[in-house]
Amino acid sequence: MKVLNPRAAFLSDYEVLKHLTETKNRYIAFGQSQGTAHAMKSSNLETIMKEVKDYLQTTPAATQSEEAISNFMQEISAFALEKAELLMMVNCRPSSIAELDCIVEEMDQRFSEEESAEMLRVVKRNLPPGPKEVLGSG
């Protein structure tokens with residue numbers, strides 16, 4: 001296999017989690033219809049898929065949806081942000097200005113305090129808190 005366009009697109013944690021879940025479901029369905037001998041795959045692949053999925057279920061990706069991400073992207077488009085910054089916002093779901101400042105390069109030079117606060121409001125309004133945030137607040 002040859003990579004034609006490296007980094008042609010980025011995947012969010014939500015997209016990776018969704019892909020792993022769908023892949024696992026396909027393996028299960030194939031194994032049930034064709035028998036487990038035909039559905040065999042590397043045990044290393046199974047381990048990696050399980051560990052990545054287990055990790056992603058502890059991140060904001062576990063509580064996100066396509067609709068939430070789409071709404072977020074529409075609202076946040078009012079700000080001149082890089083693709084990598086947008087991806088980090090979706091993946092990390094900052095809950096404070098300090099966290100947002102770590103994601104947005106030179107935020108204090110590019111955006112006013114009001115704009116920074118509005119960005120954070122857009123994040124909180126559209127992206128649900130991750131599992132750790134929900135457990136921590138209860």
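Modeller: Helices here are DSSP runs of at least four residues in H or I, numbered from the N terminus. By that count, K18 is found in helix α1, which spans residues 13-34. Please keep in mind that this is a predicted model.

Colleague: What pattern does the chain follow when read along the sequence?

Modeller: The secondary structure comes to eight helices and zero strands. Read along the sequence, the pattern is therefore written with helix symbols as defined by DSSP runs. That pattern is α-α-α-α-α-α-α-α.

Colleague: What percentage of the residues of the chain count as buried?

Modeller: The accessible surface of the chain comes to about 9400 Å², and 55% of that surface belongs to carbon and sulfur atoms. A residue counts as buried under 20% relative accessible area. Of the 138 residues of the chain, the buried share is 29%.

Colleague: Among contacts between residues at least 6 apart in sequence, what percentage join residues at least 24 apart?

Modeller: A contact requires heavy atoms within 4.5 Å. Among the contacts in the chain between residues at least 6 apart in sequence, the share joining residues at least 24 apart is 65%.

Colleague: Does K18 count as buried, partly exposed or exposed, and why?

Modeller: K18 is found in helix α1. The C-alpha atoms of K18 and L56 are separated by 9.9 Å, although the two residues are 38 residues apart along the chain. Buried means under 20% relative accessible area and exposed means over 50%. Because its relative accessibility is 30%, K18 counts as partly exposed.

Colleague: Are α1 and α2 parallel, antiparallel, perpendicular or oblique to each other, and why?

Modeller: α1 and helix α2 (residues 43-56) pack with their axes 10 Å apart and at an angle of about 135°. Angles over 145 degrees count as roughly antiparallel, and those from 65 to 115 as roughly perpendicular. The angle therefore makes α1 oblique to α2.

Colleague: Which residues make that contact, and how many of them are nonpolar, polar and charged?

Modeller: The crossing of α1 and α2 is left-handed. From α1, the contact is made by D13, V16, L17, L20, T21, T23, K24 and Y27, and from α2 by L45, E46, M49, V52, K53 and L56. By class, the contact of α1 with α2 has eight nonpolar, two polar and four charged residues.

Colleague: How is α3 oriented relative to α4, and why?

Modeller: The axes of helix α3 (residues 66-76) and helix α4 (residues 83-92) come within 12 Å and cross at roughly 140°. That angle therefore makes α3 oblique to α4.

Colleague: Which elements are included in what covers the buried residues of α4?

Modeller: The buried residues of α4 are E85, L86, M89, V90 and N91. L86, M89 and V90 also meet α3. The cover of the buried residues includes α1, α3, α5 (97-103), α6 (107-110) and α7.

Colleague: Are α3 and α7 roughly parallel or antiparallel, and why?

Modeller: α3 and α7 pack with their axes 9 Å apart and at an angle of about 160°. Angles over 145 degrees count as roughly antiparallel. The two helices, α3 and α7, are therefore roughly antiparallel.

Colleague: How do the residues of the contact of α3 with α7 divide by class?

Modeller: The crossing of α3 and α7 is right-handed. A68, N71, F72, E75 and I76 in α3 meet M119, V122, V123, R125 and N126 in α7. The residues of this contact divide into six nonpolar, two polar and two charged.

Colleague: Is S116 buried or exposed, and why?

Modeller: S116 is found in helix α7 (residues 113-126). Not counting residues up to four places away in sequence, S116 touches I97, L100, M107 and F111. Because its relative accessibility is 6%, S116 counts as buried.

Colleague: Where does R93 lie, and is R93 buried or exposed?

Modeller: R93 has a phi near 45°, a positive value in a residue other than glycine. R93 lies in the loop between α4 and α5. With a relative accessible area of 7%, R93 is buried.

Notes
Residues numbered from 1 in each chain as written. Predicted model: local features only at pLDDT ≥ 70, side-chain atom pairs only at ≥ 80, totals over all residues. Heavy atoms only, no water. Axes fitted to C-alpha atoms, helices over the stretch in contact; angles between N-to-C directions. Parallel < 35°, antiparallel > 145°, perpendicular 65-115°, else oblique. Buried < 20%, exposed > 50% of the residue type's maximum accessible area, 1.4 Å probe, protein only. Areas by Shrake-Rupley, 256 points an atom, 1.4 Å probe, with all protein chains shown as cover. Left-handed = near helix turned anticlockwise from the far one by under 90°. Nonpolar A, V, L, I, M, F, W, Y, C, P; charged D, E, K, R; others polar.
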